Amino acid sequence: MGESRNLRDWQSGGESTLSFLQTHRVSLINELEDCIDSIIDRGLEENLLSRDDHEDIAYENGPRKKVRKLLDIINCLGEQNASLFCALFIKIQNGNFRNKVTKYQSGHSESIEKHKEVLARRNDCIKYYNARLGEKVYLTEHFVNLLLVKGHYSLEFKKHELLTFGQERIHLQNNTDVKPEVKLHQIFQKLNDRRTPKKILVSGVAGIGKTVLVQKILYDYAKTAAFKNFDFALNLTFRDLNLVTKPTTLREIILKKHGHLSRNLDEIFTNSKSFLLILDGFDEFKFYNQIDLEQYVFDPDEEARVPQIIGSLLIGELLSEATILLTSRPTVLNHIPTESIERFVVITGFSVSEIEDYFQKFYGDKEVGTKIFLSVKENHFLFTLCYIPAFCWIVCSVLKGHYTLNIEQPKTMTDIYCHYLIVLLKYHVYQVDCTKDEAILKAVLSLSELAYFSLLRHETLFYEEDKEIIHTIPSEIINSFLDKTCVQELGGTENVLSFTHFTIQEFFAAFYYAHHEVSPSDDVMDLTVQEKLDLSSGCLDLFHRFLSGLLSVRNQNILFKYLKLEGSKKLASYTSWLIESLINCCENGSSILNLLHCLFEQQMNSLVETIKPAVLRINLSDNVLSPIDFDVLTYFLDIVDMDIQELDLTATHVNADYFKQIQPYLLRCEKLWIGENNLDSESVQFICSVLAAPDCKLQELGLGWTQLEDKEFLEIHKALKFNHSLNGLWVEGNNITYGAIEQFSDITLTNTCLQYAVLLGNGLQAGDHTVLMEKSAKKVIVAHIDQDYGEEFWQGWWDWIFQRCKMCSDEKIVSFLTKVYRGLGLCDGKDITWMRNWYIEIDNFLEDRVKNCCITHIKKRIESLQQKFREQSAMR
Ligand SMILES: Nc1ncnc2c1ncn2[C@@H]1O[C@H](COP(=O)(O)OP(=O)(O)OP(=O)(O)O)[C@@H](O)[C@H]1O
């Protein structure tokens, strides 16, 4: 008590505080040792101590040394500060702060602090699969929020996710109606549950961020006030646990990685309520199928095999009060005793904003990151898998050219998927199990066989037991590329497997085709097989691109280097098929986009040079084009340097930026079809500049159904005054009024080439046409169907309309044909035989659509349209 009086006597003796502290130094050390931690924390909070001083004191070994250090520091801080400290000592001694600590507590909090320091140090950097030596990626600077959802969702939704591509796939991530979101800080909290969950399972496909999430939890626990329910939190990885093959105890297991806790483990085990144990990467556990639930371990010091200890922890027999968080890829979930799991969390990865955030953080520059993000976003298929952080990492590293696999800079989508394959194998499978190369290669080929035959059967989801082949593939490979969904069925739950995404399945299917002899009845490249299996060419588009990319010399070399895969014998026959198909498409004007992608995948200019079609007709219609589509187009047109007889960009969402990119090629074009695009005035200006260019070759220009107004139409009129090539202008189904058409009709005075401007379905009334007919320019303005232009002219137009109808979805049919109907309505009542046939044709066509349409309101609209056509036909 004497010492205590010393401190209280501090102000009564009349001496200076500094000399008081010096004379009573010994007694003060005794007096303050019990509460030194509180003093320094408080000192820091009240700015009496700097962070550095606080750290210096905290690092001293033992409380008495800490007090000495503090007194030394105070000695240098001057009289005034010394007085403030003394006041603080007294306050703390009087118990004015609730955190006055006992001797035991001081030791306890010291251990926690020390442990937190260890965790913070261990987790402050993200461990990249493929980081360069010395390269540091700080968690605080690079962590991007991950989307976590509760529990399971339906198989229907899963299927939808698998088959959705591009931005749409990424947007599905935010669907909180189907997937209730859990925030990271809520992971251990009670959320409409009866009790706080103690056993938590976090699952997610390969590379989705499970390990990074674990790091984030530990780092936040160590460095912030988060997860403060836990005094101690620590993690064990199954990769390390695999190394323990002899019987052991939980204590020994923990101490192997957390030796600094040797003096705390007893306390942690007794007070397990505030202990968080994270077990990361169950899918990597060599003994995952040996979690023996018949024999438990009840005591942390009881010896047993690792699977038994893990099983006992999960089931709650060992440290029943502790919180256990287990992470795993989904494919091995049925080996986890899920009956004891109280919370299921699925990491679904990134959504749009997180992907953008990832890119910005990766490049360390917001602007650069956003720019690259936008270009990837436009790449429909590439963007699809960006919900997986590891895929984002591959895309970013590849685009930055900072790739350490010693592979030539990837150029195409297949290159990036190849990297994904190799990274998952090299940095995961090889590390889990150093099986020989041949075994891994064999397994990859078996997996690709599964992908191929499932593709032939239109299967994206499959039951494990139905697929013999699955049992022949080592689990490390299955776990890396497949996903598992648990569904409620009559009589219990069932596990349904799928590839991580359909694009991965297509990639593996192409891998199979490239490296296997397939029987003629299973040859998906054969048109009769495609027909028999009801595989329309569209559903094999990506398969074809991957096949071309995988067969390319570039990727064959990579596969040989990393998988020891012998070169495919199919390259020569494939390239001749590709060249022949491209030539056919160019000559007959059939859809060419996917073949251009396949050609681009080859990255072989000499191959493109062999393409010498008689004419060049490029049909890209009815695809919503993205910048990469224009890249593959320009790649082709740069090498095949011929005049373009026809370029069809109908219904492609082409816009001014794309027009700018393809300007040089437009000047090589004789017929340009850009109808059914919403053309803004900038795009129209652009077309006008092409028309007015002295070297313009355009003979026909299709601008039907492009929302043209009078202003734009008159711009075209102006440009045509300088044009010497255009014969026909097609502007059906726009919003052009009589006034503008009348102005346009003087075009024959300045332009001698133009022979017709087809204006069907614009704002003309029945009488307007007669007035126009009386004008001299009548031969140019074609606002209705009559005999003047002959059957052949109109038959060509009709064939085109009809072909468009066949391409259109039911919904689009209604809007498109309504405009055609309006156009036909303007035609006079002359009895034209061929028109009667058209009405019959359209009636049959609509009849067929009505029969097959399963959406009631659209069906009704088609029926009503059909009725209108019937009435129109009857009036003729
Ligand atoms: N939240 C995140 N923020 C930033 N990068 C992330 C994040 N999550 C994952 N990554 C990136 O993705 C890579 C893979 O993540 P991680 O290793 O955590 O995945 P995983 O789900 O544990 O995969 P696996 O099942 O293959 O072990 C990381 O190396 C990192 O580059």
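Student: How many of the residues of H29 are buried?

Tutor: Let us settle the ground first. This is a predicted model, in which local features need pLDDT of at least 70 and side-chain atom pairs count only at pLDDT 80 or more, whereas totals for chains, interfaces and linings use all residues. Residues are numbered from 1 along each chain as its sequence is written. A residue is called buried if 20 or more other C-beta atoms lie within 10 Å of its own, exposed if 12 or fewer do, and partly exposed in between, with the C-beta atoms placed from the backbone. Helices (H or I, at least four residues) and strands (E, at least two) are DSSP runs, numbered from the N terminus. With these terms, H29 is mostly covered, since 10 of its 10 residues are buried; among them are Leu593, His597, Phe600 and Gln602.

Student: How far apart are the end C-alpha atoms of helix H31?

Tutor: The expected span of a helix is 1.5 Å times one less than its number of residues. Helix H31 (residues 627-639) has 13 residues and should therefore span 18 Å, and its end C-alpha atoms are 19 Å apart, which agrees.

Student: Which residues of H31 are buried, and what covers them?

Tutor: The buried residues of H31 are Asp629, Val632, Leu633 and Phe636. They cover an arc (taken from the directions from the helix axis to the C-beta atoms) of only 100°, which puts them on the same side of H31. What covers the buried residues of H31 includes helix H29 (593-602) and helix H30 (605-609). Ile639 also lies in H31, but it counts as partly exposed because it has 15 C-beta neighbours inside 10 Å. Leaving aside residues up to four places away in sequence, Ile639 touches Asn605, Val608 and Glu609.

Student: Which residues are buried in H6?

Tutor: In H6, the buried residues are Lys66, Val67, Leu70, Ile73 and Ile74. They cover an arc of only 125° around the axis, so they lie on the same side of H6. What covers them includes helix H2 (17-23), helix H3 (25-32), helix H4 (36-45), helix H5 (51-58) and helix H7 (79-93). The C-alpha atoms of Asn75 and Thr17 are 58 residues apart along the chain, and they are separated by 9.7 Å.

Student: Is Leu241 buried or exposed?

Tutor: Leu241, which is found in helix H13 (residues 238-241), is buried, because 23 other C-beta atoms lie within 10 Å. Not counting residues up to four places away in sequence, Leu241 touches Leu236, Phe285 and Val306.

Student: Which residues come nearest to the ligand?

Tutor: A residue is near a molecule or strand if its C-beta atom, placed from the backbone, lies within 6 Å of it. Of the 22 residues around the ligand, Gly209, Lys210, Thr211, Val212 and Pro389 come nearest. Helix H12 (210-223) and helix H20 (389-400) are the elements that give two or more residues to this shell.

Student: How many residues of each class does the shell around the ligand have?

Tutor: Ala, Val, Leu, Ile, Met, Phe, Trp, Tyr, Cys and Pro count as nonpolar, Asp, Glu, Lys and Arg as charged, and the others, Gly among them, as polar. The shell around the ligand has 13 nonpolar, 7 polar and 2 charged residues. It draws at least three residues from each of domain 2 (143-181 + 355-401) and domain 3 (182-349), where the domain bounds come from an automatic or database domain assignment.

Technical notes:
Two residues are in contact if their C-beta atoms, placed from the backbone, lie within 7 Å.
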